[in-house]
Amino acid sequence: MKRTNLILITALMIAGMTSPSIAADDDANKANGLKPPTHANVKYGDHERQVFDIWLADSPKPTPLAIYIHGGGFRAGSKENLKSNHLNELLEAGISVASINYRFMSVATPLPTPHHDARRALQLMRAKAQEWNIEKERVAAFGGSAGAQICMWLAFSDEMAKPDSKDPIERESTRLTCLATSGGQTTNDTEFWQKQIATLLGSDIDMKTFSRPLDNIKDPEKAHLAKWGVKTPDEAKAKARQYSAVSIVSADDPPIFMSYGMTPTAKPPTDKTKIRGWLIHHVNLGIALKEKTDALDLEAHLKYPGAETKYPSQVEFFVDKLLKN
């Protein structure tokens, strides 16, 4: 693989923004138009980012739960990024909503730390199902970009509960009823990204403009290894596959609703500073997963401009899957 391509691929796979404040309180929720949660900053670990908010739907009987997992390249973002219209529509439908924070990726906390944080948060919510009037057999996850990656990993992984664990939280199921993603990266495979670069961008792009260091590791090869907490390229490739939806999805997994913001024939942005974001959220990622789910006869819906879909929105998808079945 050419070094210029590896620079871009590494940047794509650790894409992020400048880290914002992690303060998660009523003021932050209000600033984003979110109503105060029923329970705020519930701790599921010792780190300051291992917290979540939860809004419980008003219902005399146990309600389904939809868990929002924010994006931000695993290096930024916040549970306050939950859209107020999604929150309100889900609550009005009788679906409780949670939104989690997770530890950001760094050399000290490489991938898949955020994924495992989300798993722990999910299991804690299930452990408190009776207290919070939640129907633990009907739990969904939704999110965009990095959050979508985590959602897909949770949904397409085999059961991760440990029935014999001394920790009662670890005994709870990690399986989901359904999931919805926006601009999700369905694979971490460097070969896939190399093909995308060649197909969508050609050779007239200066790949160095995409370079993003990890903890000041500027060398793309070293940054890629540090991202996964491994020592060799083969180890990185094997680990990346374990957290790629296209690699782990199977016929017994839950239905997925995917949405992307461009058509398959859309041209790259003329502003080269926007190409990285365009690439890592490209509809080709959804198409790749849809081809795999179709081969498995697994229910999957792919929405992009001009596409005909059964469900107009992820909320309507959740209402059908969590309330009507």
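Arg49 lies over the face of Phe104, at 3.9 Å from the ring centre, where a charge counts as sitting over a ring if NZ of Lys or CZ of Arg is within 6 Å of the ring centre and within 35 degrees of the ring normal. The model is a predicted one, in which local features need pLDDT of at least 70 and side-chain atom pairs count only at pLDDT 80 or more, while totals for chains, interfaces and linings use all residues. Residues are numbered from 1 along each chain as its sequence is written, and side-chain values use heavy atoms, with hydrogens and water left out.

**Overall architecture**

- The protein chain contains 13 helices and 8 strands, these being DSSP runs numbered from the N terminus (helices H or I, at least four residues; strands E, at least two).
- Of its 325 residues, 55% count as buried, where buried means under 20% relative accessible area, exposed over 50%, and partly exposed in between (1.4 Å probe, protein chains only).
- Among contacts in the protein chain with a separation of 6 or more, 76% come from residues 24 or more positions apart, a contact being heavy atoms within 4.5 Å.

**Aromatic pairs**

- The structure holds 10 aromatic pairs, counted when rings of Phe, Tyr and Trp (its six-membered ring) have centres within 6.5 Å, with planes under 30 degrees apart called stacked, over 60 edge-to-face and the rest tilted.
- The rings of Phe142 and Phe318 are edge-to-face, because their centres are 5.7 Å apart and their planes stand at 75°.
- This pair links distant parts of the chain, with Phe142 in strand E5 (residues 134-144) and Phe318 in helix H13 (residues 314-324), 176 residues apart.
- Phe142 is buried at a relative accessible area of 2%, and Phe318 is buried at 1%.
- Phe317 and Phe318 form a tilted aromatic pair, 5.9 Å centre to centre with 40° between the planes, and both of these residues are buried.
- Ring pairs join Tyr68, Phe142, Phe257, Tyr311, Phe317 and Phe318 into a cluster.

**Helix H8 and its ends**

- Helix H8 (residues 220-228) is largely enclosed by the rest of the structure, because 7 of its 9 residues are buried; these are Pro220, Ala223, His224, Leu225, Ala226, Lys227 and Trp228.
- Asp219 caps the N-terminal end of H8, with a side-chain oxygen 3.1 Å from the backbone nitrogen of Glu221.
- Just after H8, Gly229 takes a positive phi of about 70°.

**Thr187 in its loop**

- Thr187 lies in the loop between strand E6 (178-182) and helix H7 (190-201), and counts as buried at 4% relative accessibility.
- The side chain of Thr187 reaches the backbone nitrogen of Asp189 at 3.0 Å.
- Leaving aside neighbours within four places in sequence, Thr187 is in contact with Phe192, Trp193, Ser244 and Leu285.

- Most residues other than glycine have a negative phi, and most peptide bonds are trans.
- The peptide bond from Leu111 to Pro112 is cis, with omega near 15°, and Pro112 is found in the loop between strand E4 (96-100) and helix H4 (113-127).
- Asn133, although not a glycine, has a positive phi of about 60°; Asn133 is found in the loop between helix H5 (129-132) and E5 and counts as partly exposed at 23% relative accessibility.
- Ser145, also not a glycine, has a positive phi of about 55°; Ser145 is placed in the loop between E5 and helix H6 (146-156) and counts as buried at 13% relative accessibility.

Technical notes: Polar contact = N/O pair within 3.5 Å; in protein donor to acceptor, adjacent residues only side chain to side chain.
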